[in-house]
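Thank you all for making time this morning. I would like to walk through one structure slowly, so please keep the picture in view while I talk.

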Amino acid sequence: MRIDMKMNILAKNILALEKSSLSKVRFAKTIYFVHKELIRNNLANKEDFKYIRMPLGPVPDGFMQLTSIDNEIKSERVKNIRLAYESIEYSTEAEFKGSDEERNVIEKTLKTLRDHNTSSLVNASHEDSSWKENKNGVLYYVTDLDMKNDLSMLCAAVNANNDSDNMQASLVRGMLQDIVSESTGLEYPD
């Protein structure tokens with residue numbers, strides 16, 4: 001079992017095997033699902049790194065610093081993107097650095113993820129107990145309950161034209177608990 005997987009190494013290996021650049025939200029969800037599959041195959045630990053509960057699903061802690069942590073991970077702002085949080089794409093020219101087993105699990109996971117649009121990945125990540133039980137901004141590790149949900153949780157890809165609309169709806173659903181709590185707090189202060 002791998003003891004010391006670092007998020008930037010996993011991120012770089014994913015990008016090395018991916019056929020094209022990945023948008024910010026898709027990349028964060030890809031890291032999450034690949035990490036879970038590596039755990040499932042005893043190639044990673046649940047405690048390798050934490051995730052932050054965000055409205056669009058779990059985001060690896062340190063994700064926003066990837067390009068400053070590892071200069072082989074590149075980010076580029078893409079113009080004419082409808083959603084501001086999707087305007088950054090990540091890529092690398094680095095070679096894959098890991099075991100054959102890791103490569104096989106990552107490639108298999110990426111192949112499955114490619115069949116689903118980003119909003120499907122977001123919605124599937126919302127089904128994990130850690131995401132449901134925590135509030136936005138809380139740090140947590142993947143749990144045994146999260147591991148019960150595998151890639152079969154991904155729903156069939158919806159029309160790509162609706163992906164932006166579906167992501168916007170997921171964003172609102174992801175913020176709903178916080179909105180209700182704040183609104184209730186204003187109406188009924190402690």
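This is a predicted model: local features need pLDDT of at least 70, side-chain atom pairs count only at pLDDT 80 or more; totals for chains, interfaces and linings use all residues.

**The sheet and the helices around it**

Residues are numbered from 1 along each chain as its sequence is written, and side-chain values use heavy atoms, with hydrogens and water left out.

The protein chain has 8 helices and 6 strands, where helices (H or I, at least four residues) and strands (E, at least two) are DSSP runs, numbered from the N terminus. Read from the N terminus on, the order of elements is α-β-α-β-β-α-β-β-α-α-α-β-α-α. Of the 190 residues, 47% count as buried, and by buried I mean under 20% relative accessible area, with exposed being over 50% and partly exposed in between (1.4 Å probe, protein chains only).

Now to the sheet that holds our opening pair. Strands of a sheet pair through backbone hydrogen bonds, either parallel or antiparallel. Here 3 strands form an open sheet in the order 1-5-4, with antiparallel pairing, and two strands are said to pair if DSSP finds at least two bridges between them. Strand 1 and strand 4 stand at the edges with a single partner strand each, so one side of each is left without a neighbour in the sheet. Strand 4 (residues 73–77) is joined to strand 5 by 5 bridges, and Arg-77 stands opposite Ile-88 of strand 5. On the other pairing, 2 bridges join strand 1 (residues 22–23) to strand 5, and there Ser-23 has Glu-89 as its bridge partner.

Let us move to helix 1 (residues 7–17), whose axis comes within 10 Å of that of helix 4 (residues 100–114), the two crossing at roughly 65°. The axes are lines fitted to C-alpha atoms, for helices over the stretch in contact, and angles run from 0 to 180 degrees between N-to-C directions. The crossing is right-handed; a crossing is called left-handed if the near helix is turned anticlockwise from the far one by less than a right angle, and right-handed if clockwise. Leu-10, Asn-13, Ile-14 and Leu-17 of helix 1 make the contact with Arg-103, Ile-106, Glu-107, Leu-110 and Arg-114 of helix 4, where contact means heavy atoms within 4.5 Å.

Helix 1 is mostly covered, with 9 of its 11 residues buried. Leaving aside neighbours within four places in sequence, Lys-12 is in contact with Asp-70, Glu-72, Ile-73, Thr-92 and Ala-94.

Finally, consider helix 2 (residues 24–40), which packs against helix 5 (residues 118–125) at an angle of about 50°, with the axes 10 Å apart. The two are therefore oblique to each other, given that angles under 35 degrees count as roughly parallel, over 145 as roughly antiparallel, 65 to 115 as roughly perpendicular and the rest as oblique. Helix 2 passes helix 5 in a left-handed crossing. The residues in contact include Val-25 and Phe-33 of helix 2, and Leu-121 and Val-122 of helix 5. Helix 5 is mostly covered, with 7 of its 8 residues buried.

Helix 2 also packs with helix 4, at an angle of about 130° and with the axes 10 Å apart, and this pair is therefore oblique as well. The crossing of helix 2 and helix 4 is right-handed, and among the residues that make the contact are Thr-30 and Val-34 of helix 2 and Val-105 and Leu-113 of helix 4.
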